[in-house]
Amino acid sequence: MKKRADLSSWEVEGEAVIYDPSSGMGYILNPTALRIWSLCDGRNTNADIANALAGDFPGQKDRIFDDVDEAVRQLAQLGLAEAA
């Protein structure tokens, strides 16, 4: 997956506001979702993203993989990420 190139984003106190000009919708991402979205560059797999986050959540590696899969699915469903 990769984040859509036509989106505008602003970071505010560790969170992000993502604006989709095609729909006129805005979305707020918490710090973890922002990090996942930022790592959606078309090269990183979901496993790569989960491994990048693993150090932030010691002892939860198995859960991180499931959570990253769900987060990426939701980003795609919202139109914030697309197939690479």
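Trainee: Where is V17 placed?

Mentor: V17 lies in strand β3. Keep in mind that this is a predicted model.

Trainee: Is V17 buried, exposed or partly exposed?

Mentor: Read the relative accessible area. V17 has a relative accessible area of 31%, so it is partly exposed.

Trainee: Which residues is V17 in contact with, leaving aside neighbours within four places in sequence?

Mentor: They are S8, S9, W10, Y27 and I28.

Trainee: Now the loop between β2 and β3. What is the phi of E13, which sits there?

Mentor: Start with the general idea. Most residues other than glycine have a negative phi. Now the case here. Phi of E13 is near 50°, a positive value in a residue other than glycine. E13 belongs to the loop between β2 and β3.

Trainee: Is E13 buried or exposed?

Mentor: Exposed counts as over 50% relative accessible area. E13 has 81%, so it is exposed.

Trainee: Let me step back. In what order do the elements run from the N terminus?

Mentor: The order is β-β-β-β-α-α-α-β. That gives 3 helices and 5 strands in the chain.

Trainee: Which residues of helix α1 are buried?

Mentor: Helix α1 covers residues 31-39, and its buried residues are A33, L34, I36 and W37. Look at where they point. They cover an arc of only 165° around the axis, so they lie on the same side of α1.

Trainee: What do the buried residues of α1 pack against?

Mentor: Among the strands, they pack against β1 (2-3), β2 (8-12), β3 (15-20) and β4 (25-29). The helices α2 (46-54) and α3 (61-77) are partners as well.

Trainee: How does the radius of gyration of the chain agree with that of a compact globule?

Mentor: Set the value beside the one for a compact globule. With 84 residues, such a globule would have a radius of gyration near 12 Å; the chain has 13 Å, which agrees. The C-alpha trace spans about 40 × 30 × 15 Å along its principal axes.

Trainee: How much of the chain counts as buried?

Mentor: Of the 84 residues, 27% do. The chain exposes about 5,200 Å², and carbon and sulfur atoms supply 50% of that area.

Trainee: And the charges: how far apart are their mean positions?

Mentor: The chain has 8 positive and 14 negative charges, and their mean positions are 4 Å apart.

Conventions. Residues are numbered from 1 along each chain as its sequence is written. This is a predicted model: local features need pLDDT of at least 70, side-chain atom pairs count only at pLDDT 80 or more; totals for chains, interfaces and linings use all residues. Side-chain values use heavy atoms; hydrogens and water are left out. Helices (H or I, at least four residues) and strands (E, at least two) are DSSP runs, numbered from the N terminus. The radius of gyration is taken over C-alpha atoms; the globule rule is 2.2 Å times the number of residues to the power 0.38. Buried means under 20% relative accessible area, exposed over 50%, partly exposed in between (1.4 Å probe, protein chains only). Accessible areas come from the Shrake-Rupley method with a 1.4 Å probe; for residues, only the protein chains shown count as cover. Lys and Arg count as positive and Asp and Glu as negative; His and the chain ends are not counted. The place of a charge is taken as NZ of Lys, CZ of Arg, CG of Asp or CD of Glu. The arc is that of the directions from the helix axis to the C-beta atoms. Contact means heavy atoms within 4.5 Å.
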